[in-house]
Amino acid sequence: MSPPPAVRCSALTVAYTHEPVLCDVDLTVQADEVVAVLGPSGSGKSTLLGCVAGFVPPRGGEVHLAGRMVASSNRSVPPESRDVAVVFQQYALWPHLSAVDTVAYPLRRRGVAAAEAHRQATELLERMGIAGLAARRPAELSGGQQQRVGLARALARAASVYLFDEPTAHLDTALRSALQEEMTERRRTGGAAALYATHDSGEALAVADRVALLRAGRLVQVGTPTQVYEQPVDLWAARLTGPASVLTVPAEAVGDDKVVLTLGEETIRIDGGRAAGATGEAGTVLVRPEWAELGGPLPGTVRQTWYRGPHTDYRLDTPAGGIDVRHAGAPTARRGERVTWSLHRAWAIAGAPGGS
Amino acid sequence: MASRTDTGAAAAPRARSWHGAAIALAAVAVVLLVGFPLAELVATAFAQGAGPLRAVLTGDRALSAVRNTLLTGVVVTGFALVGGTAAALVTERSRAPGRTWLRVGLLVQLVIASFVGALGWAQAYGPGGLTDDLLGFALPGLYGVAGVVTVLSVQGVTLAYVVVAAGLASRVEPDLERAARASGASAWSALRTITLPLLRPTLLAAAALSFVSTVNAFGVPAVLGSPAGFVTVTTRIYSDLILSADPAAFSRVILLASGLVLLTLVVVGAVDLGESVRGAVTRTSAPPGGVPPGVGGRVAAGLLWGYVVLTTVVPLVALVLTALTRAVGLPAVPANWTLRHFREALTGLGGQALGRSVLLALAAATIVVGLGGLLTALRRRVAGRGLSTLATLPFAVPGSALAVGVLLAYGRWLRDTLLLILIAYLAKFWALGHRPIAGAADGQPPDLALAARASGAGPVTALRTVTLPLLRPALAAAWLLVFLAGFDELTMSSLLYGPGSETLAVVILNLQQLGDISVTTALAVILTGVVIAAAALLTVVRRATLVSVWGPSLRDGHKRRLGESLRGLRDSRLR
């Protein structure tokens, strides 16, 4: 028999008032897996993590950690008795403790002697590259340094489940990618399970083995990064996971991996498919910018261009609707110019454009 | 600042002359209300020389008053700190059911006048009181040192509770405690290693506040201490000034009052220093509360409910029952109820006194709001800031001492008039009205008025259409706070009243000393009814203030709302 999952939430429901914040959430995280929880702010990410950590009691459902039930509607194991470590969005560093004392704190709590805890904490700070700041208090550290201390504190806990609550939300882009790299690295070497809440789709797709999309307290889709990006269940999921244009054209899925689109006079057969429940008639077809390019059989007019450096995004007016096309290099067509374009992939989904 | 000064060259001279007049007006008010009385007190104390000091230090009775006061202060501070911290942890951290009502229950002690609280305790647990009637149990030593310390401790617990609860909200983010728990700390260990160390400056402030308000307390020792011969500095000042014709008594009053001022300023100054050294605190929009409560949290909440019932509910009920019951000694059953005492209370002296107290409170509130608005308008100027500091100074001066200063300064012309009492109220409560207004004004982004200017409004129009409408709830809150504080004021009124200028609180105290319990309690119930109504109104207005300043983002606003409303109430009870 395979070992029980590191985290298993079943039918988890949380409500602070009568309005549920989490509703019937089923989610598992395997022992060495990173699952990203992706959702806009207010979707319940922090609450979900809070339930797993033991900060928030569920109103219904259960949380199991490594097969052990830790939370249900009438029972909640306190956080210190759960095998979890938490990295907080706003760092949650204690203003009265120095960096090294902060990292030593979890060690001291599980009974490591003061000198040994200090030694191990210093080692962790070294691994984070901030050993020189060991004596500083949070007020004397920058945001990125603070979050490294927060990460070191979580690692000192040596838990089998790590909970990251938007750890990079308050960092600038450079620090953000540095920290992401660090965490991906730790994941490869550490082997612990992690639940990573974020509202940044790029981050979620990059760090996670699987991504769970959360909307207003309900899970909309759970899948690998490629699945949620290439095969979103609906338009909302599609927009959450990245840029997407929508064409309203007759589309028919052929087999599992091909789709036939009728664009004006042209009928094209390309890679793609359709979400479960999508009908084959005149439907909503999703196109990621890099699934289309300039040049090809289809007509269009440039409405707007954005030069991004490595590539340029063009918004085209076409008979089938507006579409964003990404093309490598600097802009080659100006506003109002008539161009041609082609499509090599598409995804047919259910529901009216803009609907949920 | 640069953006605020370039208001256009043409408008500048007119604005300057307006500001000049306003500063002159504020300066005159500060000198008359604050400078003159305090200067008179200090000058008179020095003019006496060392003779009276020697007399006090060697005189048995004055010295015992000093000793009683200091001992009471220390003991009450200890109880207040422990009880207030425990209560704050229960209501702010345990997530026990009914916390909102528990908060209200604790805050009632801030709202009712302290001498009314003492009267209630006497009617509940004293000889012939409610428990004596029902169970044959009277609290031993309620009249005397034990009773004074107990009732002052109950009031001190609430005062400390307010400070610690606000400190928990502003200094200890729930995430900081959660981080400790997620690092393996038990609830107790997180409290010891994280919460309490972070609260240290807050606890110091709470201790100072309890100590200062205890040593300056007059109502409780007057009601429960004096009948048993337990004398404190404040009751000593009262009896020397009001009841004694001995000229030596007057120098003793000056000396004791100056001593109180000195003690208060030293304690408050020491803590203000500590308060300025504070750590940075981050804010989050995390879900409310700490960590799910264990059984302990529910038990603690239950205990706290018991405390509130015993210390607040029972005394208030006893007060009402005594006022309703036909005659002292009869069982308080509906058959014996009557409204006669209320009628009696409102005809004659009591009714006149009620009218005077309402008049005084209305006048004080209205003038203070005007003065507070004036200082707020000037707050960006150096002179304005200096005047603000001076205006808020008397707030730290004990009521007894301030009253003596006002008496020395204006007594020769205004003795036995309501105006004398009004001057004391204005001096004491100016700060009370100034702070909420200045706080709301500071919380208002300067961009709002600038946006009005950029939209074509002149300085006066911008004030009228943008700044003032946004300040309206704060002005109302300030008005109500001063009304609340002035309506049941006892400490200063009892030293300044004369024939024809007795306030409601003074009449209640005098009737109590004469032993007319039924009418005393009826008047106390009327007074408390008005005060509770004003306080309820204040809560509504407070919410409006905070929403107008911070917007309806409740998650974040909750902490501020708690902090702000508690601070206002706390200040209104600092005497």
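**Aromatic contacts and nonpolar cores**

R153(A) is placed over the face of W94(A), at 4.5 Å from the ring centre. This arrangement, like those that follow, is taken from a predicted model. In a further pairing of charge and ring, the charged end of R215(A) sits over W236(A), 4.7 Å from the centre of its ring.

Across all chains, a search of the whole structure identifies 11 aromatic pairs. For F55(A) and F88(A), the ring centres are 6.0 Å apart and the planes lie at 20 degrees; the pair is therefore stacked, as the angle is under 30 degrees. Distant parts of the chain are linked by this pair, the two residues being 33 apart. F55(A) belongs to the loop between α1 (45–53) and β4 (60–65) of chain A, and F88(A) to the loop between β7 (84–87) and α2 (99–109) of chain A. With a relative accessible area of 6%, F55(A) is buried; F88(A) is likewise buried, at 3%. Elsewhere in chain A, ring pairs join Y162(A), F164(A) and Y196(A) into a cluster.

In soluble globular proteins, nonpolar side chains tend to be buried together. The largest nonpolar core comprises 121 residues, and F115(B), L224(B), I237(B) and V404(B) have the most contacts inside it. Because residues of this core come from both domain 1 (20–47 + 339–575) and domain 2 (50–275 + 296–326) of chain B, the core lies between the two domains. Not counting residues up to four places away in sequence, F115(B) touches G219(B), V223(B), D488(B), L490(B), A505(B), I508(B) and L527(B). A second, separate core contains 73 residues, including V35(A), V161(A), A206(B) and V308(B).

Key
Residues are numbered from 1 along each chain as its sequence is written. Chains are lettered from A and ligands numbered from 1 in the order in which they are written. This is a predicted model: local features need pLDDT of at least 70, side-chain atom pairs count only at pLDDT 80 or more; totals for chains, interfaces and linings use all residues. Side-chain values use heavy atoms; hydrogens and water are left out. A nonpolar core is a set of buried Ala, Val, Leu, Ile, Met, Phe, Trp, Tyr and Cys residues joined through side-chain atoms within 4.5 Å. Buried means under 20% relative accessible area, exposed over 50%, partly exposed in between (1.4 Å probe, protein chains only). Domain bounds come from an automatic or database domain assignment. Contact means heavy atoms within 4.5 Å. Rings of Phe, Tyr and Trp (its six-membered ring) pair if their centres lie within 6.5 Å; planes under 30 degrees apart count as stacked, over 60 as edge-to-face and the rest as tilted. Helices (H or I, at least four residues) and strands (E, at least two) are DSSP runs, numbered from the N terminus. A charge sits over a ring if NZ of Lys or CZ of Arg is within 6 Å of the ring centre and within 35 degrees of the ring normal.
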